[in-house]
Amino acid sequence: MMQKSVRRMAGLIDNVLDFARGRLGGGFAIERRGAMIQPALEQVITELRLSFPDRTIETAFSLEEPAHCDLARIAQLFSNLLGNALKHGSPDSPVQIRGSLHGGMFDLSVSNFGDDIPPETLGRLFEPFSRSDFALHQQGLGLGLYIASEIAMAHGGQITVSSSGGETKFAFLMPLKHPMNL
Ligand SMILES: Nc1ncnc2c1ncn2[C@@H]1O[C@H](COP(=O)(O)OP(=O)(O)OP(=O)(O)O)[C@@H](O)[C@H]1O
Ligand SMILES: [Mg+2]
């Protein structure tokens with residue numbers, strides 16, 4: 001229990017520090033390197049499975065080539081999306097993860113079942129401290145998606161969300177080549 005609390009507190013502190021850095025330092029600095037993405041994603045899944053041992057997490061990966069990105073930041077982005085699906089989604093349904101490299105893009109999506117996010121909330125999700133009203137009883141600051149979207153933008157990509165018919169899906173899409181390197 002202590003390990004879980006420490007992990008959660010460390011996560012909150014990291015988020016607040018990243019928020020401050022993003023706001024005060026004029027954006028996120030990322031360090032791109034050629035790297036295999038799948039092991040980093042699997043590491044995040046292994047970590048979150050410790051906190052959610054009863055949940056079914058399904059993966060479909062097609063990530064055979066190295067990609068030019070900041071692997072630690074991509075792992076952080078993914079950890080928030082998967083953590084959200086486990087934390088905010090329905091506990092009896094599986095969480096589905098898809099990741100692929102195709103057409104010069106890296107495509108990663110996380111979907112879960114549960115109550116739809118109200119349409120009026122969808123547009124504000126990526127703002128700092130945004131939490132939907134129906135989630136007020138839950139822990140967390142509402143910084144995760146803001147930071148994830150900053151990481152996506154620093155990679156020249158973006159995160160989009162759809163939530164209807166009981167399925168919520170967050171998708172991250174980024175170009176594999178940095179515009180400056182073209
Ligand atoms: N997969 C999801 N399914 C349903 N609601 C979601 C999902 N992901 C995010 N949300 C809603 O969006 C809000 C903002 O998410 P965000 O990750 O920014 O903050 P958080 O998870 O509440 O806290 P933290 O700062 O620890 O990440 C959540 O509080 C929740 O209401
Ligand atoms: Mg979150």
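In the predicted model described here, helix H1 (residues 2-24) and helix H5 pack at an angle of about 50°, with their axes 10 Å apart, where axes are lines fitted to C-alpha atoms, for helices over the stretch in contact, and angles run from 0 to 180 degrees between N-to-C directions. Helices (H or I, at least four residues) and strands (E, at least two) are DSSP runs, numbered from the N terminus. H1 and H5 are therefore oblique to each other, a term for angles that are not under 35 degrees (roughly parallel), over 145 (roughly antiparallel) or 65 to 115 (roughly perpendicular). The crossing of H1 with H5 is left-handed, that is, the near helix is turned anticlockwise from the far one by less than a right angle. Contact, defined as heavy atoms within 4.5 Å, is made by Asn-15, Asp-18, Phe-19 and Arg-23 of H1 with Gly-144, Tyr-146 and Ile-147 of H5.

Local features were taken at pLDDT of at least 70 and side-chain atom pairs at pLDDT 80 or more, while totals for chains, interfaces and linings use all residues. Residues are numbered from 1 along each chain as its sequence is written, chains are lettered from A and ligands numbered from 1 in the order in which they are written, and side-chain values use heavy atoms, with hydrogens and water left out.

On the H3 side the contact involves Arg-73, Ile-74, Gln-76, Leu-77, Asn-80, Leu-81 and Asn-84, and on the H5 side Gly-144, Leu-145, Ile-147, Ala-148, Ile-151 and Ala-152.

Nine of the eleven residues of H5 are buried (under 20% relative accessible area, with a 1.4 Å probe and protein chains only), so H5 is largely enclosed by the rest of the structure. Among the elements covering these buried residues are H1, H3, strand S6 (158-164) and strand S7 (167-175). After H5 comes Gly-156, which has a positive phi near 75°.

Ser-93 lies in the loop between H3 and strand S4 (95-102), and it counts as buried at 19% relative accessibility. The side chains of Ser-93 and Ser-90 are joined by a polar contact of 3.3 Å, a polar contact being a pair of N or O atoms within 3.5 Å, of which, within protein, one must be able to donate a hydrogen and the other to accept it, and residues adjacent in sequence count only if both atoms are side-chain atoms. Residues up to four places away in sequence aside, Ser-93 touches Arg-55 and Phe-113.

Note on methods: Buried means under 20% relative accessible area, exposed over 50%, partly exposed in between (1.4 Å probe, protein chains only).
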